[in-house]
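Here are my notes on this one, as numbered points.

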Amino acid sequence: MNEQTIPFAPSLAAARVLIGASWCDSCSSTGVKGAQLQATAPPLHFPYRPKHGKELARTLIAGDRLLTVPVEGGASRLKRSPQNLSEIMISDHGAWRREHLGAWNAVYGKTPFFPYLYPLIEEAYESNSHRSLAEFNDALWKIALDFIRADETLSAVREMAHTNPERLEAIKTELTTKVNLNYSIFDAIFRLGKNVIFLL
């Protein structure tokens, strides 16, 4: 995987770019029609570059609820370019960590994979070792990749794109109806578990 700037709990659409395995690419190589997903997903660009620096410190979850990580120096720090998130320190003012965890709990507490995923997210939030925005974002991103076992499952999906593209299309079409590409990848993992890999 190419070196990337990792946003805070990136959207499913951004995750597709970060992982570098797009549905559109599979369509072009296999002839599978992906119009449904192409119509809702943004164009893919490498490396990942958000439209606004603020996107690196915020994410959207179900119910269009916005979660934002406060940083020292305020949001204006994120407007500068280029972004070096390792130099942007997280602010510990306020109760944002508790508020975030409460939101994850309230919104996804009844989803199938909440009991397995939430403790990992909670641990990242409560860790004192993630001082910079880069460290915090990277820790959450690693949780997402490890949970869906991306290194193992992605190769299987790519193989299916060549050996059984019709079946892959059917799976992707079904799963796409269950998630919102604009919501955090954790939204999809809470709902679909490792099957999220079919949408990356």
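1. Contact here means heavy atoms within 4.5 Å, and buried means under 20% relative accessible area, with exposed over 50% and partly exposed in between (1.4 Å probe, protein chains only). Helices (H or I, at least four residues) and strands (E, at least two) are DSSP runs, numbered from the N terminus.

2. Before going further, the ground rules. This is a predicted model, where local features need pLDDT of at least 70 and side-chain atom pairs count only at pLDDT 80 or more, while totals for chains, interfaces and linings use all residues. Residues are numbered from 1 along each chain as its sequence is written, and side-chain values use heavy atoms, with hydrogens and water left out.

3. On confidence: pLDDT is the predictor's confidence in each residue, from 0 to 100. The chain has a mean of 82, and 80% of its residues reach 70 or more. The stretch to watch is residues 21-47, where pLDDT stays under 50, although the model has 47 contacts beyond four places in sequence for it. Where pLDDT is low, the predicted coordinates should not be read in detail.

4. The overall layout has 9 helices and 2 strands, in the order α-α-α-β-β-α-α-α-α-α-α along the sequence. Of the 200 residues, 48% count as buried. Among contacts between residues at least 6 apart in sequence, 69% join residues at least 24 apart.

5. Back to α6. Since 11 of its 15 residues are buried, α6 is largely enclosed by the rest of the structure. The buried set includes F136, N137, W141 and F147. (The expected span is 1.5 Å times one less than the number of residues.) Just after α6, R149 takes a positive phi of about 50°.

6. How does α5 (residues 114-126) divide between buried and exposed? F114, L117, Y118, I121, A124 and Y125 are its buried residues. They cover an arc of only 120° around the axis, which puts them on the same side of α5; the arc is that of the directions from the helix axis to the C-beta atoms. An α-helix has 3.6 residues a turn, so residues three or four places apart point the same way. The face turned away from the buried side carries the exposed residues P115, Y116, E123 and E126. What covers the buried residues of α5 includes α4 (96-108), α6 (133-147) and α9 (185-192).

7. Aromatics next. Rings of Phe, Tyr and Trp (its six-membered ring) pair if their centres lie within 6.5 Å; planes under 30 degrees apart count as stacked, over 60 as edge-to-face and the rest as tilted. The whole structure has 11 such pairs. The rings of W104 and F190 have centres 6.1 Å apart and planes at 50°, so this pair is tilted. W104 lies in helix α4 and F190 in helix α9, so the pair ties together parts that are 86 residues apart in sequence. W104 is buried at 1% relative accessibility, and F190 at 0%.

8. Which side chain does D187 make a polar contact with? D187 sits in helix α9 and is buried, with a relative accessible area of 2%. Its partner is the side chain of R191, at 3.2 Å. A polar contact is a pair of N or O atoms within 3.5 Å; within protein, one must be able to donate a hydrogen and the other to accept it, and residues adjacent in sequence count only if both atoms are side-chain atoms. Not counting residues up to four places away, D187 touches A62, Y108 and N180.

9. Finally, T59 in strand β1 (residues 58-61). T59 is buried at 5% relative accessibility, and a polar atom of its side chain lies 2.6 Å from the backbone oxygen of A9. Leaving aside neighbours within four places in sequence, T59 is in contact with F8, A9, R65, L66, L67 and S184. H100, in helix α4, has F8 and L67 among its contacts, with neighbours within four places left aside.
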